[in-house]
Structure formats: structure tokens, C-alpha cells
Amino acid sequence: MVRVALAAAATAGKHDVPVGAVVFDAEGRELARAANAREALGDPTAHAEILALRRAAAVHGDRWRLEGATLAVTLEPCTMCAGALVLARVDRLVFGAWEPKTGAVGSLWDVVRDRRLNHRPEVRGGVLEPQCAALLDQFFRTRR
Ligand SMILES: [Zn+2]
């Protein structure tokens with residue numbers, strides 16, 4: 001699943017940080033995928049996860065409740081995206097690289113496993129981390 005997210009990340013515009021996200025349904029079928037498009041859309045909320053969740057909700061039978069779904073993303077989600085995946089009732093989150101500066105799934109905060117929330121997705125981080133981190137390193141290296 002993270003491999004598919006990596007393919008989505010590769011479709012980011014050249015000014016956008018290459019982060020990709022994919023939503024799979026309970027049977028493992030792909031519902032939607034997206035790349036970060038903050039620069040391309042001029043939208044501060046156009047993170048890959050948000051765009052993928054919106055597209056998935058549009059095609060999912062149960063509309064916005066993505067119960068049974070898995071969100072795979074190449075980078076640890078920020079607070080906005082972590083909040084969104086809890087609101088979408090996503091069952092599982094799988095991500096690649098850890099984000100020590102803004103990560104909200106264990107690094108800086110742990111938004112999705114807060115015991116005060118009644119919906120807490122299962123989490124697996126660090127999947128294909130070297131490949132996910134390399135894509136980001138490459139992007140930032142060429143920007144300097
Ligand atoms: Zn985000």
C-alpha cells in the first residue's frame with residue numbers, strides 16, 4: 001500500500017513536496033489516490049491525505065464514513081491530516097517516513113491514538129521508510 005502511495009507521490013507537481021496518499025477499502029481495493037498539491041492549487045489544506053480522503057468519500061458507498069478503510073501515506077501525517085483521518089473513521093493508517101518536525105502520529109503529537117477519542121485507527125509507521133525519505137531528500141536537495 002505504501003508502494004502505491006509512493007507512485008502517487010511521484011505525480012506531485014514540481015513545486016510541491018512529493019507526498020502521496022492512497023485510500024483502500026476494507027477489501028483492499030483502491031478508492032482514491034492523491035499527491036500533495038498545496039502549491040499547485042494554492043490551497044494550504046491540499047495535503048495528499050486530505051485530497052485522497054475527499055476523493056475516497058466521493059466514491060465510497062457509505063459516503064464520508066470510511067469505515068474499514070486504510071489510508072497509506074508516504075510521510076507521517078500532520079495535525080490537520082491526523083484529525084481528518086479520525087473524522088473520516090479510517091480503520092488503519094500506514095505511513096512511510098517519520099516527520100520529527102510536524103508529525104502528529106507519534107513524533108510531535110499522537111492525535112490518532114489519544115485515549116479521549118472514541119475512534120482510534122490502528123497505526124503502522126516506518127513502512128518502506130528509506131524509499132519514502134529518499135524521495136523527500138531528493139526534492140529538498142534540488143531546491144537548495
Ligand atoms: Zn497534512
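In what order do the 5 strands of the open sheet follow one another? In this predicted model, the order is S2-S1-S3-S4-S5, and the pairing is mixed. Strand S2, residues 30-35, and strand S5, residues 122-124, form the edges, each of them pairing on one side only. From one strand to the next, the twist averages 15 degrees. As a general point, the strands of a sheet pair through backbone hydrogen bonds, in either a parallel or an antiparallel sense. For S4 and S5 the sense is parallel, over 3 bridges, and within this pairing Val-94 has Arg-124 of S5 as its bridge partner.

Phe-95 counts as buried because its relative accessibility is 0%, where the cut-off for buried is under 20%. Leaving aside residues up to four places away in sequence, Phe-95 touches a set of residues that includes Val-2, Val-73, Leu-75, Pro-77, Val-105 and Val-123, together with Arg-124, Gly-125, Gly-126 and Val-127. Ser-107, by comparison, is 12 residues from Phe-95 in sequence, and the two C-alpha atoms are 13 Å apart in space.

Turning to the helices, H3 lies across strand S1 (20-24), S2 and S3, and runs at about 150 degrees to S2. Another piece of packing involves helix H1 (residues 2-9) and helix H5 (residues 129-143), whose axes come within 10 Å and cross at roughly 10 degrees. Because angles under 35 degrees count as roughly parallel, H1 is described as roughly parallel to H5. On the H1 side the contact is made by Val-2, Leu-6 and Ala-9, while H5 contributes Gln-131, Cys-132 and Leu-135. Sorted by class, this contact of H1 with H5 has 5 nonpolar residues, 1 polar residue and no charged ones.

The zinc ion is coordinated by ND1 of His-47 and by the SG atoms of Cys-78 and Cys-81, at 2.0 to 2.3 Å, and the donor residues follow the sequence spacing H-x30-C-x2-C. His-47 belongs to the loop between helix H2 (38-41) and helix H3 (48-59), whereas Cys-78 belongs to the loop between strand S3 (70-75) and helix H4 (79-87), so the pair ties together parts that are 31 residues apart in sequence. His-47 is buried, with a relative accessible area of 16%, and Cys-78 likewise counts as buried, at 16% relative accessibility.

Terms used. Residues are numbered from 1 along each chain as its sequence is written. This is a predicted model: local features need pLDDT of at least 70, side-chain atom pairs count only at pLDDT 80 or more; totals for chains, interfaces and linings use all residues. Side-chain values use heavy atoms; hydrogens and water are left out. Buried means under 20% relative accessible area, exposed over 50%, partly exposed in between (1.4 Å probe, protein chains only). Contact means heavy atoms within 4.5 Å. Donors are N, O and S atoms within 2.8 Å of the metal (3.2 Å for Na, K and Ca); water is not among the atoms, so sites may look incomplete. Helices (H or I, at least four residues) and strands (E, at least two) are DSSP runs, numbered from the N terminus. Axes are lines fitted to C-alpha atoms, for helices over the stretch in contact, and angles run from 0 to 180 degrees between N-to-C directions. Angles under 35 degrees count as roughly parallel, over 145 as roughly antiparallel, 65 to 115 as roughly perpendicular and the rest as oblique. Ala, Val, Leu, Ile, Met, Phe, Trp, Tyr, Cys and Pro count as nonpolar, Asp, Glu, Lys and Arg as charged, and the others, Gly among them, as polar. Two strands pair if DSSP finds at least two bridges between them.
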